[in-house]
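Please have the sequence and the structure open while reading.

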Amino acid sequence: MEDLQYVILKRERFHDFISRLSKMQKLVAPVSKGYHHFAFEEVTSGNEIALSYIPTILPLKKFFMPQRETLLEFKTAKGTYAEPVVEYEPMTIFGAHTCDLAGIQCLNMVFSERPKDYNYLTRKNKITLIGLECNAYCDEHASCHLVNASFPSGGYDLFFTDLEDYFIVHVNTQTGDEIIDIIKSFEKADMSHIKELKRLRDNKSKIFSNEVSIERRHIPELFDMSFRARVWKALEERCLACGNCTNVCPTCYCFDIRDELELNLKRGVRYRVWDSCQLEPFARVAGGINFRKERSARQRHRYYRKFRYPVDRFSRFFCTGCGRCTRTCMAGISLKETLNELIKESEDRVWKKWL
Amino acid sequence: MKKPKVGIFDFACCEGCQLQIANIGEDVLDVLGSIDVVEWREVMSEKWGKNLDIAIVEGSITNPHAVKRIQRIRKKAKILIAYGSCATIGGVNGMKNNFNLDDIRKYVYGDSYRFFPTEMTKAVHQTVKVDYFVNGCPVYIPEFVAVLKAVLQGVPYYVPDYPVCVECKLNENVCMYDRKVTCLGPVTRAGCNAWCINNGNICYGCRGMVSNPNEKGAQDVLAKYKIPMDLILNKMNMYNKCRELG
Amino acid sequence: MEKVAIKDSSYRLKKAKILQTKKLTANEKFFEIVLMDGERLDHEPGQFIMISLLGIGEVPISICSSPAKRDSFDLCIRAVGKVTRSLHKLKAGDKIGIRGPYGKGFPVRILEGNDLLIIAGGLGIAPLRSLIQYVLDNRRDFGKVHILFGCKEPKDMLFSDELEHWTKRIDLHYACTVDRADPDWAGNVGVITTLIPGVDIEPSRTFAAVVGPPIMYNFVIKELIAKGIPERQILLSFERNMKCGNGKCGRCQIQNLYVCQDGPVFHYEQIKNLSEAF
């Protein structure tokens, strides 16, 4: 029996595959930036790619909603003549981990919700996504299993699993199938390959387990009782409000919109840039009142936007367990630690109720 | 629209920020084409002496003569732009404020020091009202252009009040602290697009400090990275000593 | 990088022209605006628009006229930021860009057949003016209508000629107060809550619509509840920073609600447990 959805790529043909892929359209993949840091950057050969990498400094959202993107082009002389535009670049992303694929799935939901964001949706349709399985944890900061992102569940065109001598590749879309057809480096997968993949997944199930001692379905409940928890107050003293945690988060999408004129003041653009709820001016109105003035309120807001609010709106967590916010935080604020402390504090409270 | 009459003036500084105008690159003609420069000691011999639409002031205020001169410029100019670290935050000239003023005069001028009056170094806004700030040592040209456009449009320019880390992260730099190097990015105001770090250097804090830093948190971070407090204070004071004057 | 035009972009601007402006106070200016190309705004009382000055920016502003006035609409703009200060420099004939209307306004279908207690603090009169005008345009559909208005000083009073007119109507109960009087002021002095106990209402069939500065809400709501008005019959409108109006940019979020899409008008019952709301 053969499964048409699976093909294999022998390891010795990997470089050949990458260079052919890079000739089809712009190809980006994880590359090393030194000091155990990685970034998705343009590549043309397999040598440049870090196949074993921990989540990159910035997640894939930088390609789907660029840090700066033009929304309108206008001429001031004509009063209100303004043309909405979208800028995009067709590209293939190779090597996306399941956490980052989950991040894109979250953004897709947000920008497809009415009123739809055609800037995002247009660009998204020009990007081909090739996933790469994590056979083990990247490091101790990941919490992907807690949020159900440790195993592949869609959101890609092709998905690679490294089985040492070869990669087994799941073909999920027509676009993925066309790549397989054009590049011709692949072979059909047979039962033994499928079995080996299953063995790896079984083994993974033993390695990956809830990184925080709570069942997934109880998380919304935990947050329902934690709005006034002491945990947030403790973050007030530690958080530097640098916005790193939101900039590196695969599902943070808040933005600012600004205008810029050319020096002749005759032509200009309206553009949007990434913004962060952690920065002081974010929730401040022109009159001066700031609706989330304390750093603790801003940190709490970030956690609720990952674990509570999207559950109502999109029926899923907006944390993908990638661990970036923890790795990047200078003050050492750890997502896993915060969750553990919330659990502990809520247990104390439940316990006290019984005394 | 009539081009605004612009005067460019310098006080205690290295004049490097004025040189940056020459480094604007392909936009230089657009910039100089949008204004009418009537006085600029560094490149022209004419003195204007009349009222100005815009005064661009580089340098810090360091002696009684400078105080009088900046007051005269302020009176003549509709808009005053503090240009470069020395003007916006006092900059490296502020290091003078670490010492007794008479000691400094003796050290510099020897026996005749009495003929050379001096004062505590001040940023321009600590002496006269400033309408726009272009921070940086030297100024970051894209920000100067943005400020100039705001002036021409008649709208305010707000210097970002968040740390350089924000822009540094967007440039996907490896954090200096992860490279075991001390950097002032976390306490310094953004707006420079993390120019220095993008080019492999650390942040020296030349843009002044964010207005509401979490001091306790910052101290914890320094402790975590085993950085002595006085080392960081010395680094901050290199550009930011004048902040103590309020 | 490729670039194409997108005709259904949610950032597309409708062209609009200023018909007239009028200075209301030192800080507030009135604008009457008409959409060009024969378009109509077709809003509901309490909704807002995004108003654009190309090259300067875009801000959310409440619509302060009744939907019954179909060919143009009114705004009352306080000069507080970069865009609003620049808007104040505009005059009749100048062109601007408009997006919207946005948000959920006052649920007028639900209000019909009930008594109304409308409470405005300062600039809060602007969004409420759209409701008041709507009610006056359809006066027969509503029961008793009370309007309470408070501002800091007599010179801050917006739409004073219209307020004057309201005092004369027999189908309105109108009262106003100022925090600080001036020598010419003969009316009430004190915060707006002082007017509430004196209002004669049947709480079970009265809806309260409250708009004012954030500080006002807690005090007013307390008085209204003391008066016996059920929580779901108290309506509030919120002001927040907004960039997109589409429930995306995150600025206006109050916990799990977006003021731009889920509001700006909320039932008190809906938001009373949201600590970020007040």
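**Charge pairs and the A–B interface**

A:Asp16 and A:Arg20 sit four residues apart in helix H1 (residues 14–24) of chain A, so about one helical turn separates them. Helices (H or I, at least four residues) and strands (E, at least two) are DSSP runs, numbered from the N terminus. The model is predicted: local features need pLDDT of at least 70 and side-chain atom pairs count only at pLDDT 80 or more, while totals for chains, interfaces and linings use all residues. Residues are numbered from 1 along each chain as its sequence is written, chains are lettered from A and ligands numbered from 1 in the order in which they are written, and side-chain values use heavy atoms, with hydrogens and water left out.

- Side chains of opposite charge can pair when their charged atoms come close.
- A salt bridge is a side-chain nitrogen of Lys or Arg within 4 Å of a carboxyl oxygen of Asp or Glu, and a search of the whole structure finds 62 of them over all chains.
- A:Asp16 and A:Arg20 form one, with 3.4 Å between the closest N and O atoms.
- A:Asp16 is partly exposed at 29% relative accessibility, and A:Arg20 is partly exposed at 38%; buried means under 20% relative accessible area, exposed over 50%, and partly exposed in between (1.4 Å probe, protein chains only).
- A:Glu236 and A:Arg295 also meet in a salt bridge, at 3.8 Å from N to O.
- This pair links distant parts of the chain, 59 residues apart: A:Glu236 is in helix H8 (residues 230–238) of chain A and A:Arg295 in helix H10 (residues 295–307) of chain A.
- Both A:Glu236 and A:Arg295 are buried.

- A:Asp256 forms a salt bridge with C:Lys243, and their closest N and O atoms are 3.2 Å apart.
- The pair joins two chains, because A:Asp256 lies in strand S11 (residues 255–261) of chain A and C:Lys243 in the loop between strand S13 (234–237) and strand S14 (253–254) of chain C.
- A:Asp256 and C:Lys243 are both buried.
- Salt bridges with shared partners join A:Asp256, A:Arg258, A:Asp275, C:Lys243 and C:Arg251 into one network.

**A buried charge without a partner**

- B:Glu58 belongs to strand S3 (residues 52–58) of chain B.
- B:Glu58 is buried but has no salt bridge, and the nearest side chain of opposite charge, B:Arg41, is 7.9 Å away; Lys and Arg count as positive and Asp and Glu as negative, with His and the chain ends not counted.
- Leaving out residues up to four places away in sequence, B:Glu58 touches residues including B:Phe9, B:Phe11, B:Tyr83 and B:Ala87, where contact means heavy atoms within 4.5 Å.

**The interface of chains A and B**

- In this interface, 37 residues of chain A are in contact with 30 residues of chain B.
- Chain A and chain B bury about 2,800 Å² between them, with 63% of it on carbon and sulfur atoms; buried area is the accessible area (1.4 Å probe) that two parts lose on being put together, summed over both.
- A:Leu240, A:Leu263 and A:Met330 supply 27% of the area that chain A buries against chain B, more than any other three residues.
- There are two salt bridges between chain A and chain B.
- A:Lys62 and B:Glu172 meet in a salt bridge, at 2.5 Å from N to O.
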